[in-house]
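Hello,

Here is the structure I promised to pass on to you. Please have a look at it first, and then read on for what turned up.

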Amino acid sequence: MNQVSLPVEEPDTAGGLTEAEQVELTVAAVAPGGHCVARVDGQVVFVRHALPGERVLAEVTEVHRAFVRADAVRVLEAAPDRVEPPCPYARPGRCGGCDLQHVAPEAQLRWKTSVVREQLIRLGGLDEAGCDALDVRVEALPGGPLGWRSRVRYAVDAAGRAGLLKHRSHEVVPVDRCLIAHPAIQELPVLTSHSTSWPDADAVEAVASTGGDVTVTASTAGRTRLVSGPERVQERAGGREWILPAGSFWQVHPAAADTLVDAVLELTAPQPGERAWDLYGGAGLFAAALADRVGETGRVTLVEAAGDGVAAARENLRDLAQVEVVAARVETALNRRRITGPVDVVVLDPPRSGAGARVVRDLVATGPRAVAYVACDPAAFARDLRVFTDLGWRLAALRGYDLFPMTQHVELVGLLLPS
């Protein structure tokens, strides 16, 4: 699939189309955020619920100076990759959680691959030949496109009903089931039972861990109370068992943690006696895997800023004497020399916004032989890649994984090496 970039939004409105207007249009390439692009009298329209090549009737949902947004409310000429969304709420004007339920599963992988390639070219400085050499593509994980999400946060409306949000809105859509939720979560009475409505809650979160625990919590004004299940849940990944507070960060796809660990280890090949850093390390998933490879003669330093992540790492890695946990922001730890080289292997797993130029520059200055960059946003990864490239590094390998089927999100693991 071809792909185009989404321009920066500007709140001032102009142009020929108006909000709620319906217009027939022909859809072209995919764009970031689960959209496809079209044009009407020269005006750019980003359309959800569409596929490249389709002729649709679209309803305008937002008008901006440079573009408008719209939903395909009727398909006049369907693309071959169109399927009936399995969820009745994955429709225009309803739940905004799934972007691609109308796209056949294999075509979803091609869609995401196209997005990754375009971001690497537009923001990362690669060309088509460079993407081809890397064999850029997004791979499916085991388990299929439904029933995978092990952590689901439901919003609660004014009537106390739990549901999910509309796209780009705070409006709650009450639902009776979320089909991408783990089966154990789908069976909970969070959504369907009148006796478990939530008049005093702002949000309800359900967790189904890989260790078999199922927990429900409710949040009000930032305070969380346990509704059912254990406060701490067991996860299994990387050949280890992990005990975490139910609300702590963990990968939401049951196969994600092992998939990412395997990719990082294969790409970086840590050796006995080496020094390794796990930056933005959370509970220590990568640190544990690195420690196993570098052995007792090696050294692993984990850096994490969030207090619950630091506590989880210290508890779960206490049997690994070669691991040090540093409670600090990564940029602070590097800039103020809370951690210092030499270092051989670095795992960089920043938040969605990316690591940023400052972290990349300080990291490169320590002289590692390899960096594994784990990214949940292709654009942020591409921007950081450009900084690495400007500093004399290269992207030697790239893996793409569909950790979030039915949505527009994708996970990347890149191997960066000094040139």
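**Pockets, packing and backbone**

Let me start with the lining of the second largest pocket, whose residues divide into five nonpolar, seven polar and 10 charged. Please keep in mind throughout that this is a predicted model.

That pocket holds about 290 Å³ of space. It is lined by 22 residues, and those closest to its centre are Thr61, Asp71, Gly93, Lys166 and His167. Which of the elements gives the most to it? That is β6, with four residues.

A probe the size of a water molecule, rolled over the atoms, shows where empty space is left. The structure has one cavity of 30 Å³ or more, and about 40 Å³ of space lies in the largest cavity. Around the largest cavity you will find Tyr154, Asp176, Arg177, Ile185, Gln186, Leu188, Val190 and Leu191. By class, this lining has five nonpolar residues, one polar residue and two charged ones.

Helix α1 (residues 105–122) packs against α9 at an angle of about 30°, and their axes are 8 Å apart. Angles under 35 degrees count as roughly parallel, so α1 and α9 are roughly parallel to each other. Their crossing is right-handed. On the α1 side, Val116, Gln119, Leu120 and Arg122 take part, and they meet Pro378, Ala379, Phe381, Ala382, Leu385 and Arg386 in α9. Sorted by class, the contact of α1 with α9 has seven nonpolar residues, one polar and two charged.

Helix α9 (residues 378–390) also packs with helix α8 (residues 357–365), here at an angle of about 40° and with the axes 9 Å apart. The crossing of α8 and α9 is right-handed too. From α8, the contact draws on Ala357, Val360, Arg361, Leu363 and Val364, while α9 brings Asp384, Val387 and Phe388. What classes do the residues of the contact of α8 with α9 fall into? Six are nonpolar, none is polar and two are charged.

The crossing of α4 and α5 is right-handed. Here Ala257, Leu260, Val261, Val264 and Leu265 of α4 make contact with Leu285, Phe286, Ala289 and Arg293 of α5. The contact of α4 with α5 counts eight nonpolar residues, no polar ones and one charged.

Finally, a few points on the backbone. Most peptide bonds are trans, and most residues other than glycine have a negative phi.

- The peptide bond from Gly341 to Pro342 is cis, with omega near 5°. Pro342 sits in the loop between α7 (330–335) and β19 (345–348).
- Ala20 has a positive phi, near 80°, and is not a glycine. You will find Ala20 in the segment before β1 (22–26).
- Asp41 is another residue other than glycine with a positive phi, in this case of about 50°. The place of Asp41 is the loop between β3 (35–40) and β4.

Best wishes

Methods: Residues are numbered from 1 along each chain as its sequence is written. This is a predicted model: local features need pLDDT of at least 70, side-chain atom pairs count only at pLDDT 80 or more; totals for chains, interfaces and linings use all residues. Side-chain values use heavy atoms; hydrogens and water are left out. On a 1 Å grid over the protein atoms alone, a cavity is a set of points where a 1.4 Å probe fits but cannot get out, and a pocket is an open set with protein on both sides within 12 Å along at least five of seven lines; lining residues have an atom within 4 Å of a point. Grid points are joined across faces, edges and corners, and a volume is the space filled by probe spheres set on the points. Helices (H or I, at least four residues) and strands (E, at least two) are DSSP runs, numbered from the N terminus. Ala, Val, Leu, Ile, Met, Phe, Trp, Tyr, Cys and Pro count as nonpolar, Asp, Glu, Lys and Arg as charged, and the others, Gly among them, as polar. Axes are lines fitted to C-alpha atoms, for helices over the stretch in contact, and angles run from 0 to 180 degrees between N-to-C directions. A crossing is left-handed if the near helix is turned anticlockwise from the far one by less than a right angle, and right-handed if clockwise. Contact means heavy atoms within 4.5 Å. Angles under 35 degrees count as roughly parallel, over 145 as roughly antiparallel, 65 to 115 as roughly perpendicular and the rest as oblique.
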